[in-house]
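Have a look at the sequence and the model first, and then read on.

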Amino acid sequence: MRRQKGITLSGFLVLAVILIFASLLMFKMLPPYMEFLSIQSNLKAIANDPEGRQGVRRVVEDLFDRRSAIENISSVKAKDIIVSKEGDGVVLSFEYTVCVPIVLNIRACMDFYPTSSK
């Protein structure tokens, strides 16, 4: 007599619930992470821009405002940019937190620190 192999119905349901919860988390947390990557690439581009390399705050804010309008960045504003000099270059950075509602009153909070440094 051969032994049967496979998954039971209750095992399948438990696995399905776990996979659905994991995909829910992924779909909820992916947009803030993608926005973080967009902000970081914009900061690097502004720091390498000839106008932004000077470190003049008004110019940096204007460049970021223009880029954030195109990229649809809403988590941070240009006035929140931290501008610092490092050697002969300028380093641009942000610090911000995004809280994503998961289910009912459960939220996931993520701290992001995008920077233009290498």
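What follows begins with the whole chain, moves on to the strands, and ends with some residues in the helices and loops.

A word on the model before we start: it is a predicted one, in which local features need pLDDT of at least 70 and side-chain atom pairs count only at pLDDT 80 or more, while totals for chains, interfaces and linings use all residues. Residues are numbered from 1 along each chain as its sequence is written, and side-chain values use heavy atoms, with hydrogens and water left out.

Let's begin with the overall plan. The protein has two helices and four strands; here helices (H or I, at least four residues) and strands (E, at least two) are DSSP runs, numbered from the N terminus. The protein is more spread out than a compact globule, because its radius of gyration is 22 Å, well over the 13 Å that the globule rule gives for 118 residues. That radius is taken over C-alpha atoms, and the rule is 2.2 Å times the number of residues to the power 0.38. Along the principal axes, the C-alpha atoms fill a box of roughly 80 × 35 × 25 Å.

How much of the protein is buried? Of its 118 residues, 31% count as buried, where buried means under 20% relative accessible area, exposed means over 50%, and partly exposed is in between (1.4 Å probe, protein chains only). The protein exposes about 8700 Å², and carbon and sulfur atoms supply 59% of this area. Such areas come from the Shrake-Rupley method with a 1.4 Å probe, and for residues only the protein chains shown count as cover. As for contacts (heavy atoms within 4.5 Å), residues 24 or more positions apart account for 46% of those with a separation of 6 or more.

Now turn to the strands. Strand E1 (residues 82-86) pairs with E2 in the antiparallel sense over five bridges; two strands count as paired if DSSP finds at least two bridges between them. Within this pairing, Lys-85 stands opposite Val-90 in E2. The two strands form a hairpin with two residues between them, and Gly-87 in the turn has a positive phi of about 70 degrees.

Strand E2 (residues 89-93) is mostly covered, with five of its five residues buried. Which residues point which way from E2? Gly-89, Val-91 and Ser-93 point one way, Val-90 and Leu-92 point the other way, and all are buried.

Further along, strand E3 (residues 96-103) and strand E4 (residues 106-112) pair in the antiparallel sense over seven bridges. Val-98 has Met-110 in E4 as its bridge partner. E3 and E4 also form a hairpin with two residues between them. Leu-104 sits in the loop between E3 and E4, and has a positive phi of about 50 degrees although it is not a glycine. Leu-104 counts as exposed, because its relative accessibility is 84%.

Is Asn-72 buried or exposed? At 63% relative accessibility, Asn-72 counts as exposed.

Finally, let's visit the helices. Phe-36 lies in helix H1 and counts as buried, at 12% relative accessibility. Leaving aside neighbours within four places in sequence, Phe-36 is in contact with Tyr-96, Phe-112, Tyr-113 and Pro-114. Phe-36 and Pro-114 are 78 residues apart along the chain, yet their C-alpha atoms are separated by 6.7 Å.

Gln-40 also has its place in helix H1 (residues 9-48). With a relative accessibility of 18%, Gln-40 counts as buried. Not counting residues up to four places away in sequence, Gln-40 touches Pro-114 and Thr-115.

In helix H2 (residues 57-71) you will find Glu-61, which is partly exposed, with a relative accessible area of 21%. Glu-61 touches Ala-78 and Lys-79, not counting residues up to four places away in sequence. The C-alpha atoms of Glu-61 and Lys-79 are separated by 6.6 Å, with the two residues 18 apart along the chain.
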